[in-house]
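Have the coordinates open while you read.

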Amino acid sequence: MSDPHRHHRDGHHHAHPGPSPSAARWRRCAHRLAHRLTPHSHESADKLDPALESSARGLRALWVSLAVLGATALAQAAVVAVSGSVALLGDTVHNTADALTAVPLGIAFVLGRRAATRRFTYGYGRAEDLAGVVIVLTITASAVFAAWTAVDRLLDPRPVTHVPAVAVAALVGFAGNEWVARHRIRVGREIGSAALVADGLHARTDGYTSLAVLLGAGGAALGWQRADPVVGLAITAAIVLVLRDAAREVFRRLMDAVDPALVDRAERVLDGVPGVRGVGELRLRWIGHRLRAEVALVVDGEATVREAHRIAVAAEHALLHAVPRLTAALVHADPAPSPGEADPHLAIAHHA
């Protein structure tokens, strides 16, 4: 919709034309200085991370996770070589696969830092959503592999040797995966990355698999050879539940779903902006781990273009401070209707 009151910007910008070029320059300088010196209040859980810093935090979380899971897999592989435990071998394979999921997500974070182009006008943030799909498929493969291994062991029971070493390796696997899961999920939620959260859930599924190895080894030590496959099937069911949650989160992100509470919050903030008579259409969407907004406001029909623009700037500024991880807003100003006046959008109504 074309409108001179539209305002589109990817950061804070407070320039307002004054009555003369020199006055405008002084006003811009004073406004910028005041904005930098004035403290801004943000809730600690809703801190607005700049785009590059968010991606950098995501990459750091991936590299730390890769190091921890790599060390865990190496420790378990050493025990596999000594004990010949097939269950522990499967857990080691899971941990290796989980470590490798950092690769597509790391590529997505790097791509997301690239500037927008004339072809990709919104940038490359959607690469994170594609990485989330890869992670969901990896979790699915892990669930299938765990189920297949458990059924195979159930049909063909095998003795487990070096049970104490296998139990210690299983505990190491669980501890490593659970630490990585907590770290990924925490960072993912703080920067708004659904893919990183899904990757953390994947690490948690591998931790469950490690517990299955531990419980199965305990049952084998008590003389019940089928303990390992029975527990393995139970853990497979748990993996499927985690898969459901991860798939739902990634699917919602692909479909541009947002928390309705964010929409309510944005509407309340806009209603409180001086000069705003009403909030029309309001849309929020995720692009990677950053939010963008599109909003139509109702202002005084007799307001000048300059005044409507000032209201639009104030509205965007309020949104940037109130909505976590919002980096840009496109604000459209509509004049309040007058009695007998035709709808100003009537000319484009047939395109809706």
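**Notes on the fold and surface**

1. Starting at the N terminus, the protein chain's elements go β-α-α-α-α-α-α-α-α-α-β-β-α-β. That comes to 10 helices and four strands. Keep in mind that this is a predicted model.

2. On burial: the protein chain has 352 residues, and 43% of them are buried.

3. Helix α4 covers residues 102-112 and helix α7 covers residues 194-221; their axes come within 11 Å and cross at roughly 165°. Since angles over 145 degrees count as roughly antiparallel, α4 is therefore roughly antiparallel to α7. The crossing of α4 past α7 is left-handed. If you wonder why I quote both numbers, a packed helix pair is described by the angle between the axes and the distance between them.

4. Next, the surface. Val133, Leu137, Phe251, Leu254 and Met255 make a nonpolar patch of about 490 Å². Which helices supply at least two residues each? Those are α5 (127-155) and α8 (227-254).

5. Met255, which belongs to the nonpolar patch, sits in the loop between α8 and α9 (260-271). Is Met255 buried or exposed? Its relative accessibility is 56%, so Met255 counts as exposed, the cut-off for that label being over 50%.

Notes. Residues numbered from 1 in each chain as written. Predicted model: local features only at pLDDT ≥ 70, side-chain atom pairs only at ≥ 80, totals over all residues. Heavy atoms only, no water. Patch = residues over 30% accessible without salt bridge, like charges linked within 9 Å, V, L, I, M, F, W, Y side chains within 5 Å. Areas by Shrake-Rupley, 256 points an atom, 1.4 Å probe, with all protein chains shown as cover. Salt bridge = Lys/Arg side-chain N within 4 Å of Asp/Glu carboxyl O. Buried < 20%, exposed > 50% of the residue type's maximum accessible area, 1.4 Å probe, protein only. Axes fitted to C-alpha atoms, helices over the stretch in contact; angles between N-to-C directions. Parallel < 35°, antiparallel > 145°, perpendicular 65-115°, else oblique. Left-handed = near helix turned anticlockwise from the far one by under 90°.
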